[in-house]
Amino acid sequence: MRRPVVTIHYRQKDSKAYQAVIMTEDTFEIGSEKENDLVLESKMVEKQHAIIYENITKTRIYYQLVNYGKVNPIQYFNQQTQKYEYLRYKEAVELDGRDAFYIGDYKIITSVKRS
(Lines give C-alpha, C1' and ligand atoms only; values in the text may rest on other atoms or scores of the structure.)
Protein backbone atom coordinates (compact mmCIF):
# COMPACT_ATOMS: atom_id res chain seq x y z
CA MET A 1 0.00 0.00 0.00
CA ARG A 2 1.46 3.34 -1.03
CA ARG A 3 1.09 6.29 1.27
CA PRO A 4 -1.12 9.08 -0.13
CA VAL A 5 0.28 12.60 -0.46
CA VAL A 6 -1.42 15.02 1.92
CA THR A 7 -1.03 18.72 1.13
CA ILE A 8 -2.20 21.38 3.55
CA HIS A 9 -3.04 24.76 1.97
CA TYR A 10 -3.60 27.65 4.37
CA ARG A 11 -4.21 31.39 4.37
CA GLN A 12 -5.16 34.06 6.84
CA LYS A 13 -8.62 35.58 6.43
CA ASP A 14 -7.41 38.83 4.84
CA SER A 15 -5.00 37.14 2.43
CA LYS A 16 -5.96 35.82 -1.00
CA ALA A 17 -2.88 33.69 -1.56
CA TYR A 18 -2.56 30.24 -0.04
CA GLN A 19 0.67 28.77 1.22
CA ALA A 20 1.20 25.01 1.12
CA VAL A 21 3.00 22.40 3.13
CA ILE A 22 3.16 18.63 2.60
CA MET A 23 2.56 16.23 5.46
CA THR A 24 5.67 14.03 5.61
CA GLU A 25 5.18 12.22 8.95
CA ASP A 26 2.26 10.18 10.31
CA THR A 27 1.14 13.11 12.51
CA PHE A 28 0.90 16.80 11.68
CA GLU A 29 0.38 19.31 14.50
CA ILE A 30 -1.21 22.73 14.02
CA GLY A 31 -1.14 25.56 16.55
CA SER A 32 0.48 28.79 17.68
CA GLU A 33 3.59 27.30 19.36
CA LYS A 34 6.82 27.02 17.37
CA GLU A 35 7.04 23.24 17.97
CA ASN A 36 4.03 22.63 15.68
CA ASP A 37 4.43 21.48 12.08
CA LEU A 38 2.23 24.39 11.00
CA VAL A 39 2.53 27.53 13.14
CA LEU A 40 -0.44 29.89 12.83
CA GLU A 41 0.31 33.26 14.37
CA SER A 42 -2.97 34.51 15.72
CA LYS A 43 -4.53 35.18 19.12
CA MET A 44 -7.45 33.02 17.97
CA VAL A 45 -5.21 29.95 17.60
CA GLU A 46 -4.37 27.88 20.66
CA LYS A 47 -0.91 26.45 21.41
CA GLN A 48 -1.86 23.04 20.06
CA HIS A 49 -5.11 23.53 18.19
CA ALA A 50 -5.36 20.47 15.94
CA ILE A 51 -3.66 17.29 14.82
CA ILE A 52 -3.97 15.45 11.54
CA TYR A 53 -2.90 11.85 11.87
CA GLU A 54 -2.57 8.81 9.67
CA ASN A 55 -4.42 5.57 10.34
CA ILE A 56 -3.38 2.35 8.64
CA THR A 57 -5.62 -0.72 8.50
CA LYS A 58 -5.21 -3.91 6.51
CA THR A 59 -7.25 -2.48 3.66
CA ARG A 60 -6.58 1.25 3.59
CA ILE A 61 -4.71 4.33 4.77
CA TYR A 62 -6.80 7.27 5.91
CA TYR A 63 -6.36 10.56 7.79
CA GLN A 64 -8.25 12.15 10.65
CA LEU A 65 -8.43 15.73 11.86
CA VAL A 66 -8.79 16.10 15.65
CA ASN A 67 -9.86 19.34 17.32
CA TYR A 68 -7.93 20.34 20.46
CA GLY A 69 -9.22 23.91 20.48
CA LYS A 70 -11.23 24.61 23.62
CA VAL A 71 -11.86 28.35 23.20
CA ASN A 72 -12.11 28.54 19.40
CA PRO A 73 -13.07 25.10 18.07
CA ILE A 74 -12.41 24.11 14.49
CA GLN A 75 -15.13 24.94 11.99
CA TYR A 76 -15.19 21.99 9.57
CA PHE A 77 -17.06 22.00 6.25
CA ASN A 78 -19.37 18.99 6.27
CA GLN A 79 -19.71 17.92 2.65
CA GLN A 80 -22.90 15.96 3.35
CA THR A 81 -24.82 18.90 4.83
CA GLN A 82 -22.92 21.56 2.82
CA LYS A 83 -22.43 23.61 6.02
CA TYR A 84 -19.61 24.52 8.37
CA GLU A 85 -19.93 22.80 11.75
CA TYR A 86 -17.97 23.21 14.98
CA LEU A 87 -16.01 20.20 16.18
CA ARG A 88 -16.21 19.49 19.89
CA TYR A 89 -13.03 19.17 21.97
CA LYS A 90 -11.16 16.01 20.88
CA GLU A 91 -13.77 15.27 18.19
CA ALA A 92 -12.30 13.78 15.02
CA VAL A 93 -13.43 13.73 11.40
CA GLU A 94 -12.02 11.70 8.55
CA LEU A 95 -10.36 13.65 5.75
CA ASP A 96 -11.27 12.36 2.33
CA GLY A 97 -10.01 13.93 -0.85
CA ARG A 98 -10.43 17.66 -0.40
CA ASP A 99 -11.60 19.13 2.91
CA ALA A 100 -11.91 22.68 4.25
CA PHE A 101 -11.91 24.02 7.79
CA TYR A 102 -11.15 27.14 9.81
CA ILE A 103 -8.80 27.43 12.76
CA GLY A 104 -9.26 30.90 14.19
CA ASP A 105 -8.92 33.34 11.30
CA TYR A 106 -7.08 30.85 9.05
CA LYS A 107 -8.76 28.89 6.28
CA ILE A 108 -7.17 25.51 5.68
CA ILE A 109 -7.80 23.15 2.78
CA THR A 110 -6.36 19.67 2.78
CA SER A 111 -6.01 17.47 -0.28
CA VAL A 112 -5.34 13.75 -0.11
CA LYS A 113 -4.00 12.37 -3.39
CA ARG A 114 -3.85 8.63 -3.77
CA SER A 115 -1.54 7.15 -6.37
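**Aromatic pairs, sheet and pocket**

The count of aromatic pairs comes to three, where rings of Phe, Tyr and Trp (its six-membered ring) pair if their centres lie within 6.5 Å, and planes under 30 degrees apart count as stacked, over 60 as edge-to-face and the rest as tilted. An edge-to-face pair is formed by Tyr68 and Tyr89, at 6.2 Å centre to centre and with 85 degrees between the planes.

The model is predicted: local features need pLDDT of at least 70, side-chain atom pairs count only at pLDDT 80 or more, and totals for chains, interfaces and linings use all residues. Residues are numbered from 1 along each chain as its sequence is written, and side-chain values use heavy atoms, with hydrogens and water left out.

The strands are DSSP runs (E, at least two residues), numbered from the N terminus, and two of them pair if DSSP finds at least two bridges between them. Six strands form an open sheet in the order β2-β1-β11-β10-β7-β8, with antiparallel pairing. β2 (19-23) and β8 stand at the edges with a single partner strand each, so one side of each is left without a neighbour in the sheet. From one strand to the next, the twist averages 25 degrees, with axes as lines fitted to C-alpha atoms and angles running from 0 to 180 degrees between N-to-C directions. Four bridges join β7 and β8 in the antiparallel sense; Asn78 has Lys83 in β8 as its bridge partner.

Asn78 is also among the residues that line the largest pocket, as are Tyr76, Phe77 and Tyr86. A pocket is an open set of points on a 1 Å grid over the protein atoms alone, where a 1.4 Å probe fits, with protein on both sides within 12 Å along at least five of seven lines; lining residues have an atom within 4 Å of a point. About 190 Å³ of space lies in the largest pocket, the volume being the space filled by probe spheres set on the points. β7 (75-78), β8 (83-86) and β9 (92-95) each supply at least two lining residues, and the largest share, three residues, comes from β7.
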